[in-house]
Each structure stands twice: as C-alpha cells, then as structure tokens.
Amino acid sequence: MLEIRDLHVQFRDSDHECVRGINLTVGDGEIVGLVGESGSGKTVTAMMVSGLLKSDRVITHGDIILDGCQLLSAGDETLQKIQGRDICVVFQEPMSAMNPVMRIGPQVEECLRVHTDLSKAERRERALQALRDVELNNVEEIYRKYPHELSGGMLQRVMIAAAILPNPKLLLADEPTTALDVTIQAQILELLKRLNRERGMSVLFISHNLNVVRKLCTRVAVMEKGQIVEDGATDQVFYHPQAPYTQKLIAAIPTRSKRRGE
Amino acid sequence: MLLHQKENRYLRIGIVLTAIVTLLAVVGYVWTPYDPTAMNAAAKYLPPCLSHPLGTDNFGRDILSRVMQGTGTTFFISLCTVFIGALVGVIVGALTGYFGGWIDEAIMRLNDAVTAFPSILLALVFITLLGFGKYNVILALGVAFIPSYARVIRSEFARHREMNYVKSARLMGASHGRIMFRHIMPNTLPVLLPTLVIGFNNAVLAEASMSYLGIGVKPPDVSLGYMLSESQSYMSAAPWYMLFTGMTIVLLILGVSLIGEGLQQRGG
C-alpha cells in the first residue's frame with residue numbers, strides 16, 4: 001500500500017536533516033500510528049507523503065511508494081491526480097483548515113469538483129451522504145453553514161467527510177484529535193475506526209498522544225530525532241518496548257495509580 | 001448586509017452623504033435645471049435665488065447645473081480610475097503574493113519605484129505624453145494607483161498562502177487559479193474594500209488637483225476640479241461658485257471616507 005524506504009528530508013534553509021532515513025509501511029486496511037515528541041519529524045514525514053513539501057523547499061533522498069507509484073519522482077500532473085483522490089489529509093486544527101468565508105458544502109465537494117465531472121446535484125448528493133457517514137445530523141442545514149457556525153468537533157467531522165468523499169486508499173490524519181476535548185476525541189476515534197473497517201481504508205495516524213494511538217492503531221512506529229526507533233504491533237510496543245526512548249515515553253503516560261501516589 | 005450593523009455610525013452617515021452626492025451626479029447625467037454650458041449675459045453673477053438655487057457664474061451659467069454635471073464627470077473618472085488600478089493591482093498582487101520568488105521581488109521593486117514618484121507627477125508625465133482629456137486622465141491616474149492595490153493584495157495573499165485551508169485545498173488537488181480566486185480572494189475582501197474606498201477618495205482628489213492645475217478635463221467637459229480653478233478668478237464677484245463647488249468635493253470625500261472608516265471597523 002504505502003511504503004517509505006530510507007527517506008531523508010532536509011529543509012533547504014537548514015543545515016541538518018529533520019528526517020534521517022526512515023522505513024515505514026502501511027498495509028491495506030491497516031491503521032498505523034506514528035508517535036513521537038514535537039520536532040521528531042513525524043509531521044514532516046506526513047507532509048512528504050501528502051506532497052505538501054515540494055522540492056523547492058526540501059532536499060530529499062529515498063522513496064515513497066503508493067501502490068507501486070513513486071511519489072517523490074512523479075511529475076506534478078500525476079501528483080495532482082493522486083493528491084485528493086488516493087491520499088487525503090485531515091489536519092490538526094479544523095478551524096484553520098476550513099476556508100472561513102466559504103460555506104461547508106462547497107468545501108466538502110472541492111475534491112469532487114477537481115477530480116470528477118459529476119453534475120452539481122450529484123456532487124451535492126455525495127457530499128450530503130459523506131456528512132451523514134461521519135454521523136452528523138441535519139446535514140442539509142450544515143451544508144449551508146459557514147465554518148464559524150459549527151463547533152470544533154463538528155468541523156473535524158466535516159473535515160473527515162471531505163477527506164473520505166473521494167474514497168481514498170490512504171487517509172493521513174495529522175493529530176486530528178489534539179484540538180478537541182476528550183469526549184469528542186473518543187467519538188472521532190470511533191468514527192475513524194468504523195470508516196477503516198467499513199471501507200478498508202488505510203490510515204496513517206500521527207499523534208503524540210500514546211493513549212489515543214493505543215486505542216486506535218494496529219501497528220505503531222515511534223520516532224525520535226528523525227529516526228524510527230521502534231516499529232511493531234501495538235500491544236508488542238506497549239507491553240514490551242525495546243528502545244529506551246519508547247520505554248521512557250510509556251513510563252511517562254499518566255496512570256491512575258501514579259496519580260494516587262503523588 | 002452593509003446596513004445591518006447597528007452601532008456603526010460612521011458607515012451610516014457616510015452612506016447618507018455619499019448617496020446625496022451620488023444622486024446629484026446621477027440625476028445630472030439625465031437632467032439638469034438649465035443647460036450647464038448655456039450662457040446668459042443678463043444673468044451674470046447672480047447670488048443664490050429661487051430660479052438659480054446656487055447662483056450663476058461669470059457667463060451667467062447656472063451653477064447647480066454645472067455642479068451636477070461636474071460631479072458626474074468626477075465620479076466617472078474616479079470610478080474608472082479605481083477600476084483600472086484595482087483590476088491590475090489585484091491581479092499583480094495575487095500572482096506575486098501567491099507564487100513569491102524572484103518574480104515577486106522584481107515586480108515589488110518596480111512597484112516601489114512607481115510609489116516613490118508622487119502620483120500627481122506620474123500622471124503629469126502621462127498627460128504630457130498622451131494629451132489632455134478625461135480618458136487620458138483616467139488612464140494616467142489608473143496606472144499611478146496600481147501599486148497601492150498591488151501592495152495590499154500581495155501581503156494578504158502571502159499571508160493566506162501559508163494557511164491550512166489553502167494547504168488542504170491544494171491537497172484536494174485544486175488548481176492554482178482556483179485557489180487564488182475562489183479560495184483566497186474572498187478572504188481578502190475585508191482589506192480590499194476599505195482600500196477601494198480610500199482609493200476612490202484619492203482619485204477624486206487627484207482628479208480635482210489635475211483639473212485645477214489645468215492638466216485634467218477640457219471644456220466642454222466640466223469636473224469639480226476644473227470648476228474650482230475657474231471660480232478662483234471670480235472669488236470676490238461670485239464667492240458662491242467656489243463655495244458650492246468646494247462643498248460638493250468636501251461632502252463627497254467626507255462621505256466616502258466615513259464609509260471607508262466604517263468598513264474598516266467592521267472588518268476589525
């Protein structure tokens with residue numbers, strides 16, 4: 001499905017590599033978590049996969065392969081076809097990821113408008129269906145609203161609806177729950193799980209929240225300073241962490257017993 | 001939508017003042033009490049009275065009729081100037097702000113060079129090259145005002161370019177043109193609108209100064225600036241000529257400025 005081979009990334013205006021040779025695979029229908037502290041290179045990795053970082057800003061080395069297609073060496077036209085159809089992204093901050101002066105409907109439909117030649121009514125129907133799929137109510141009403149009229153949790157659902165609309169092979173979720181409160185967070189995770197199950201969509205889930213990753217992912221990769229220090233099945237990583245960094249991370253998860261001890 | 005704001009007094013007063021002057025200009029296009037150019041030797045220097053509400057000038061022409069027509073011309077010139085300046089300015093600003101890079105640098109330095117010239121001086125050069133007349137005034141002022149719009153729009157585009165919603169539109173595969181004009185453009189309106197309004201004011205003043213200096217419109221066209229320069233010679237014989245012409249300009253500028261101020265407050 002997605003395969004990252006020995007990927008190195010360095011910003012043109014910096015003198016050190018922020019991603020230093022990582023290998024990562026996401027299989028069909030798998031939910032893979034990529035964890036690590038801020039600045040460990042996980043977002044840069046995601047941006048490379050989604051194609052947001054272009055060669056005018058970074059120097060790269062290695063391969064990113066999606067279903068046999070080389071993304072790093074692909075031309076702009078191929079990339080534009082892949083982006084927004086095979087790979088879709090959900091951002092951390094739903095409020096800033098939506099255009100404040102555009103109604104919800106047209107924003108959700110955007111990728112259909114670009115990638116298909118469906119009529120206006122068909123696009124609308126598909127968008128409404130996607131909004132229903134992410135468990136929103138009153139979709140007709142939401143379709144006509146502006147982003148500032150919705151709550152953060154609703155907006156994140158709208159973002160997910162926009163991302164799943166073209167039935168992508170891979171959903172890239174860059175800390176999609178960080179800006180939300182815990183109850184909404186749990187609902188969004190359930191939603192992602194369900195979509196993954198029903199549609200067989202692979203998910204690369206980026207987070208620094210280990211509890212979230214543990215609930216959601218089948219496999220986890222741990223990143224530290226631009227390298228993957230541990231990669232394995234979720235239970236394996238959480239119960240028998242090998243790398244010292246992973247051990248430290250897991251020890252840092254607050255638990256009930258620890259809180260009582262303080 | 002504009003009138004919805006309850007507590008925006010600036011905007012309301014501005015709209016009322018501008019509406020009065022606009023009405024004067026629009027009516028002036030189709031109907032004036034007298035022919036603005038008809039001379040009447042028997043009615044020279046008449047002070048305001050019932051048959052000539054604003055009096056008459058040195059040729060016995062009705063000043064109200066002339067003010068109405070002159071306001072129309074001034075309006076026309078200013079609107080066209082804003083249109084040309086804003087159209088080109090927005091396109092240049094959008095392209096440079098969105099794409100950045102060395103083209104951005106080059107065009108912005110050119111912009112600086114144009115800005116460094118006082119716009120009146122630049123317009124003067126144009127008029128010298130092209131000749132007099134209101135269309136040349138429009139062209140000259142329009143070009144002189146391009147940089148002011150380009151600069152504002154450029155900075156807005158450069159700011160929005162890095163925002164997540166633009167990134168996500170790009171990720172959905174939207175083309176550059178679509179991102180620029182469908183996604184970013186509407187977001188620049190809170191900044192663009194006040195700039196347009198201020199630009200209109202500057203155009204009114206620039207046209208008035210050019211016509212006053214004798215490099216603007218030429219007879220039989222009449223504009224407020226032209227009338228002002230005409231009235232100067234008869235200041236003692238017919239002070240109302242100068243007074244009413246000047247007052248129209250003041251009303252127009254004040255009204256439009258208040259609208260601009262109100263819009264800026266609304267935009268936050």
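The legends below describe close-up views of a predicted model.

Local features are reported at pLDDT of at least 70 and side-chain atom pairs only at pLDDT 80 or more, whereas totals for chains, interfaces and linings use all residues. Residues are numbered from 1 along each chain as its sequence is written, and chains are lettered from A in the order in which they are written.

**View 1. The contact between chain B and chain A.** On the chain B side, 13 residues are in contact with 19 residues of chain A (contact: C-beta atoms, placed from the backbone, within 7 Å). Helix H6 (164-171) and helix H7 (176-212) of chain B each supply at least two residues of this side; helices (H or I, at least four residues) and strands (E, at least two) are DSSP runs, numbered from the N terminus. H6(B) gives the largest share, 6 residues. By class, the chain B side has 7 nonpolar, 5 polar and 1 charged (nonpolar: Ala, Val, Leu, Ile, Met, Phe, Trp, Tyr, Cys and Pro; charged: Asp, Glu, Lys and Arg; polar: the others, Gly among them).

**View 2. The open sheet of chain A.** Its 4 strands follow the order E2-E1-E4-E5, with antiparallel pairing (strands pair if DSSP finds at least two bridges between them). Strand E2 (19-26) and strand E5 (69-70) of chain A are the edge strands, each pairing on one side only. Between strand E1 (residues 2-11) of chain A and E2(A) there are 6 bridges, and Val9(A) stands opposite Val19(A). Helix H1 (residues 42-50) of chain A packs on the sheet and touches E1, E2 and strand E4 (58-66) of chain A; the direction of H1 makes about 115° with that of E1(A) (axes are lines fitted to C-alpha atoms, for helices over the stretch in contact, and angles run from 0 to 180 degrees between N-to-C directions).

**View 3. Strands E6 and E7 of chain A.** Strand E6 (residues 87-90) runs parallel to strand E7 (residues 170-174), joined by 4 bridges. Val89(A) has Leu172(A) as its bridge partner in E7(A). Ile87(A) and Val89(A) point one way from E6(A), Cys88(A) and Val90(A) the other way, and all are buried (20 or more other C-beta atoms, placed from the backbone, within 10 Å of the residue's own).

**View 4. Leu192(B) in helix H7 of chain B.** Leu192(B) lies in this helix and is buried, because 23 other C-beta atoms lie within 10 Å. Gly131(B) is 61 residues away in sequence and 32 Å away in space, C-alpha to C-alpha.

**View 5. Helix H3 (residues 101-116) of chain B.** H3(B) is hardly covered, with 1 buried residue among its 16 residues.

How values were computed: Two residues are in contact if their C-beta atoms, placed from the backbone, lie within 7 Å. A residue is buried if 20 or more other C-beta atoms lie within 10 Å of its own, exposed if 12 or fewer, and partly exposed in between; C-beta atoms are placed from the backbone.
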